[in-house]
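This report covers a sheet, a loop residue and the nonpolar cores. The sequence and structure come first.

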Amino acid sequence: MATAYTENLTETLTYWPPGGNDGYGGTAYGNPVPVAGRWQDKRVLFRDAQGREVVSDAVVYVSQALELAGMLYRGVSAALNPVAGAKEIRDVQQSPSLDGDEVLHKVLL
């Protein structure tokens with residue numbers, strides 16, 4: 001059932017959750033997960049987890065909570081590792097509905 005927060009999440013995105021260190025100084029990722037979302041190529045000034053001012057490449061509204069440092073791709077992929085065009089999640093935000101029944105999840109890439 002579509003709600004006010006989810007009815008416009010019409011795109012299928014692919015999310016790779018962060019899985020820790022890959023043993024070579026990089027990040028390992030979990031299996032790809034399809035996520036409903038709405039992707040906007042939009043620049044927004046924000047502070048990252050280290051407190052630095054950075055500018056996003058995109059703002060994405062998604063149907064579920066995603067983790068910082070995960071990778072998100074605009075499209076469907078079954079690849080075990082993030083594909084070209086996937087972007088790192090650099091900020092996660094949540095906004096509950098007024099009645100508290102739903103949460104709007106927003107990530108900045």
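Which residues does Ser77 touch, not counting residues up to four places away in sequence? Ser77 touches Thr14, Trp16, Pro32 and Val83; contact means heavy atoms within 4.5 Å.

## Model basis

This is a predicted model: local features need pLDDT of at least 70, side-chain atom pairs count only at pLDDT 80 or more, and totals for chains, interfaces and linings use all residues. Residues are numbered from 1 along each chain as its sequence is written, and side-chain values use heavy atoms, with hydrogens and water left out.

## Sheet

An open sheet holds 7 strands in the order 9-8-1-4-7-11-10, with antiparallel pairing. Strands are DSSP runs (E, at least two residues), numbered from the N terminus; two strands pair if DSSP finds at least two bridges between them. Strand 9 (87-88) and strand 10 (91-96) are at the edges, each with a single partner strand, so one side of each has no neighbour in the sheet.

Strand 8 (residues 71-73) pairs with strand 9 over 2 bridges, antiparallel. Leu72 has Lys87 of strand 9 as its bridge partner.

## Ser77

Ser77 sits in the loop between strand 8 and strand 9. Ser77 is buried, at a relative accessible area of 17% (buried means under 20%, with a 1.4 Å probe and protein chains only). Its side chain reaches the backbone nitrogen of Ala79 at 3.1 Å.

## Cores

The largest nonpolar core has 12 residues, including Val35, Trp39 and Leu72. Such a core is a set of buried Ala, Val, Leu, Ile, Met, Phe, Trp, Tyr and Cys residues joined through side-chain atoms within 4.5 Å. Strand 1 (11-16), strand 4 (33-40) and strand 7 (59-62) each supply at least two residues of this core.

Methods: Helix = DSSP H or I, 4+ residues; strand = E, 2+ residues; numbered from the N terminus. Buried < 20%, exposed > 50% of the residue type's maximum accessible area, 1.4 Å probe, protein only. Polar contact = N/O pair within 3.5 Å; in protein donor to acceptor, adjacent residues only side chain to side chain.
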